[in-house]
Amino acid sequence: MALCYQLPVLPLDRPVPKHVLSRRGAISFSSSSSLFGAPDPRQLSQRRGAISYDSSDQTALYIRMLDVRVRSQVGFEPERRGSHPYLGVDFRTLHSRAESAGTIPARRIRRLFSFQRHLLSSRLLRGAPQLNPLHILDEDYCGQAKCMLEKVGSWNFDIFLFDRLTNGNSLVFLTFNLLNQYGLIELFQLDMVKLRRFLVLVQEDYHNQNPYHNAVHAADVTQAMHCYLKEPKLAESLTSFDILLGLLAAATHDLDHPGVNQPFLIKTNHYLAALYRNTSVLENHHWRSAVGLLRETELFSNLPAEDSLSIERQLGSLILATDISRQNEYLSRFRTHLDENDLSLGNASHRHFVLQMALKCADICNPCRPWELSKQWSEKVTEEFFHQGDIEKKHKLEISPLCDSEANTIASVQIGFMTYVVEPLFAEWARFSDTRLSQTMLGHLGLNKASWSAMEPEASGSSEEGESETGRATEEPSSRVLSQGSQES
């Protein structure tokens, strides 16, 4: 934040001059609270932020808003960082629900549980002795939550229950636990305070108002990635550096996701679409946001500069692989390797490619979970789809595929997604890693698809027109599903 104060300041509502963007450097923004819709201007004195711009590749490396607050109330929650209103749509409140008067928001209550965490962090800074080896974690990390983490490698791991037991901090606790479990904190000599700050900022930068693309989804993907990393082929060949990259990529792969897909950003002329030239817009933003947090927290400041840059580049390669519009490209390459039996995990580039495929599987593994978990994820992602469709109707935009609640049902969306995206990917993964886990995932996938198929006639049987619409939704080729442009990923 101190760096931000030293930068030239421009009002937020003033266009950035082209000559400023043509150089390598940074721009600082500040505004009054009125521009950000604060519930009470007295609660917010000033908001500042910075964009670090690299003109060599015409890509913004770092877009981040920083808050300077007068906290007149314990537990006041900051507004979303990095959101951008347009067409009257504000990403900070896009998926939020109105709360009844007189009630205290759940996240405001969770803030109260964080007080002891700050005390423990202060003890670290003072050099006080530690009470246990996982010294970043406080008292709400105990009991049932601690017992759950003993089975973090189980495919039946209930991330929703774990999130409740950790007071909404599932991503922080789970990722820290895994980094410690693999011995990466000690091996890479990561500073405990910097690591905790990084994980908290990552969790904070997910939009928890999003029904699907939120911190719980990131925690679920991280847990799935852990399951894949423990598979015999990977466990025997991956280096500690590979494992570190895999876990960080899983935790940050949807960072600052706005809850809408790439086509929506393009047709509304969003600045991110222009910045990344309509190519892997969301994935580029997730990657650059992760790089920004790594640099802000200086998590790898103890490593040589070359190693830090290598982590950033390879992290980007992994996150960009989650672009579902490139699904066929990666799947074809994976299938070719398996057909020719030429994957050598002693080769660094081959290991990295397998990590990319593992992250792709983890990102869309929800249909392969047990029904009680899979069904919840299906409902959440479809809710996010339909909400985007409602916004598009409101502004008289073309409705994106699968986002029209009148033409699609949860069942039809899921059946199409499973048939054209999930099944082909996990069939090839089972060829690569023919283990009990792979067979379990395929088994759940088949049962879940059958369950949705059984529900579909009930959902669409009320009218012939509804039947024909949902039928077309499931029969159209995979390009229709892939055109979501990373919506479900």
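Visitor: Let's start with Thr382: is it buried or exposed?
Guide: This is a predicted model, where local features need pLDDT of at least 70, side-chain atom pairs count only at pLDDT 80 or more, and totals for chains, interfaces and linings use all residues. Residues are numbered from 1 along each chain as its sequence is written, and side-chain values use heavy atoms, with hydrogens and water left out. Buried means under 20% relative accessible area, exposed over 50%, and partly exposed in between (1.4 Å probe, protein chains only). Thr382 has a relative accessible area of 1%, so the residue is buried.

Visitor: Which residues does Thr382 touch, leaving out those up to four places away in sequence?
Guide: Thr382 sits in helix α19, residues 371-394; helices here are DSSP runs of H or I with at least four residues, strands are E runs of at least two, and both are numbered from the N terminus. Touching is a contact, meaning heavy atoms within 4.5 Å. With those sequence neighbours set aside, Thr382 touches Ile410, Val413 and Gln414.

Visitor: How much of the protein is buried?
Guide: The fold has 23 helices and four strands. It exposes about 21,400 Å², 53% of it from carbon and sulfur atoms (Shrake-Rupley method, 1.4 Å probe; for residues, only the protein chains shown count as cover). Of the 489 residues, the buried share is 56%.

Visitor: How far is the C-alpha atom of Glu283 from that of Leu320?
Guide: Glu283 belongs to helix α15, residues 281-297, and counts as buried because its relative accessibility is 2%. Glu283 and Leu320 are 37 residues apart along the chain, yet the distance between their C-alpha atoms is 5.3 Å.

Visitor: Are α10 and α12 roughly parallel or antiparallel?
Guide: Helix α10 (215-229) packs on helix α12 (240-252) at about 155°, with the axes 7 Å apart. Axes are lines fitted to C-alpha atoms, for helices over the stretch in contact, and angles run from 0 to 180 degrees between N-to-C directions. Under 35 degrees counts as roughly parallel, over 145 as roughly antiparallel, 65 to 115 as roughly perpendicular, and the rest as oblique. That makes the pair roughly antiparallel.

Visitor: What is the handedness of the crossing of α17 and α20?
Guide: Helix α17 (327-340) and helix α20 (410-432) pack at about 25°, axes 10 Å apart, and are therefore roughly parallel. A crossing is left-handed if the near helix is turned anticlockwise from the far one by less than a right angle, and right-handed if clockwise. For α17 and α20, the crossing is left-handed.

Visitor: What is the phi of Lys396 near?
Guide: Most residues other than glycine have a negative phi. Lys396 lies in the loop between α19 and α20 and is exposed, with a relative accessible area of 76%. Its phi is positive, near 55°.

Visitor: Where is Gln189, whose phi is positive too?
Guide: Phi of Gln189 is near 50°. Gln189 is exposed, at 61% relative accessible area. You'll find Gln189 in the loop between α8 (184-187) and α9 (192-204).
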